[in-house]
Amino acid sequence: FVNGATLNFVPPEGGGIPSSPSKLTFISSTQISYQFNDGSDAGNWTVTVINPGNLSSNAWPFTVTAGAPSVTGVSPGSYPSSGNNQTMTINGTGFLTSSTVSFVPPEGGTIQGTPSKLTFISSTQLSYQFNDGNDAGNWSVTVTNPGNLNSNAWPFTVTAGAPSITGLSPGSYAGSSNNQTMTINGTGFLSSSTVSFVPPEGGTIQGTPSK
């Protein structure tokens with residue numbers, strides 16, 4: 001090493017990051033000190049020493065270990081109910097190429113993300129092809145790093161479109177003053193959906209929630 005040497009870092013995603021002169025201290029021909037900031041970019045790095053005249057050393061590998069990631073936002077923050085993929089951008093810190101995602105739908109439980117639908121953009125951004133399966137309501141997404149290090153759960157919504165009725169079972173009912181079970185089939189129903197009926201004489205009868 002000589003006085004005037006510089007450093008070059010290669011982060012996990014590739015490219016090169018030159019050293020800052022104010023953070024480098026030449027100690028001797030066998031030692032350089034540097035104030036290194038990894039920017040929370042965990043993974044496999046290398047460092048190279050470059051003497052004046054563009055004389056480069058070998059690239060020495062080192063690792064930056066991951067902590068738990070953090071989600072700071074989802075864009076967009078709301079999605080229409082759909083059976084098709086919609087691009088979700090997940091913003092935060094501490095993301096890795098090996099990060100995974102999981103979702104909690106309105107009815108609870110956990111849906112693991114599909115690896116082929118997840119794209120690592122940087123340590124602060126992921127992209128996911130999200131399919132809500134027409135399941136409208138309040139969702140959340142979590143990012144997980146190796147070692148089962150989970151981020152916070154970030155909330156977002158899937159908005160409902162108009163429901164559609166495709167059939168009733170049974171299709172006919174005996175005249176009676178007693179309750180008879182009606183099964184309504186269709187799409188786009190929510191836990192907060194209501195029903196109403198139009199009798200032969202017209203007008204509207206609102207369904208009773210407890211029934």
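1. In this predicted model, about 190 Å³ of space lies in the second largest pocket. The residues that line the second largest pocket are Phe1, Leu7, Thr30, Gln31, Ile32, Tyr34, Val47, Thr48, Val49, Ser57, Asn58 and Trp60. Two strands, S4 (31–34) and S5 (43–51), each contribute at least two residues to the lining of the second largest pocket. Sorted by class, the lining of the second largest pocket holds 7 nonpolar and 5 polar residues, with no charged ones.

2. Ser19 sits in the loop that runs between strand S2 (17–18) and strand S3 (24–28). Is Ser19 buried or exposed? Ser19 counts as buried because its relative accessibility is 14%, and the cut-off for buried is under 20%.

3. The largest pocket has a volume of about 1100 Å³. Its lining is made up of 27 residues, of which Met182, Ile184, Val195, Phe197 and Gly207 are the closest to the centre of the pocket. Strand S18 (164–169), strand S20 (196–197) and strand S21 (205–206) each give at least two residues to this lining; Phe197, one of the residues closest to the centre, falls within the range of strand S20 (196–197). By class, the lining of the largest pocket comprises 15 nonpolar, 11 polar and 1 charged residues.

4. Turning to the chain as a whole, its secondary structure comes to 21 strands and 0 helices. The radius of gyration of the protein chain is 29 Å, whereas the globule rule gives 17 Å for 211 residues, and the chain is therefore more spread out than a compact globule. Along its principal axes, the C-alpha trace of the protein chain spans about 100 × 25 × 25 Å.

5. The last point concerns burial, surface and contacts. Of the 211 residues in the protein chain, 26% are buried. The protein chain exposes about 12600 Å², and carbon and sulfur atoms supply 52% of that area. When contacts between residues at least 6 apart in sequence are considered, 53% of them join residues at least 24 apart.

Note on methods
Residues are numbered from 1 along each chain as its sequence is written. This is a predicted model: local features need pLDDT of at least 70, side-chain atom pairs count only at pLDDT 80 or more; totals for chains, interfaces and linings use all residues. Side-chain values use heavy atoms; hydrogens and water are left out. On a 1 Å grid over the protein atoms alone, a cavity is a set of points where a 1.4 Å probe fits but cannot get out, and a pocket is an open set with protein on both sides within 12 Å along at least five of seven lines; lining residues have an atom within 4 Å of a point. Grid points are joined across faces, edges and corners, and a volume is the space filled by probe spheres set on the points. Helices (H or I, at least four residues) and strands (E, at least two) are DSSP runs, numbered from the N terminus. Ala, Val, Leu, Ile, Met, Phe, Trp, Tyr, Cys and Pro count as nonpolar, Asp, Glu, Lys and Arg as charged, and the others, Gly among them, as polar. The radius of gyration is taken over C-alpha atoms; the globule rule is 2.2 Å times the number of residues to the power 0.38. Buried means under 20% relative accessible area, exposed over 50%, partly exposed in between (1.4 Å probe, protein chains only). Contact means heavy atoms within 4.5 Å. Accessible areas come from the Shrake-Rupley method with a 1.4 Å probe; for residues, only the protein chains shown count as cover.
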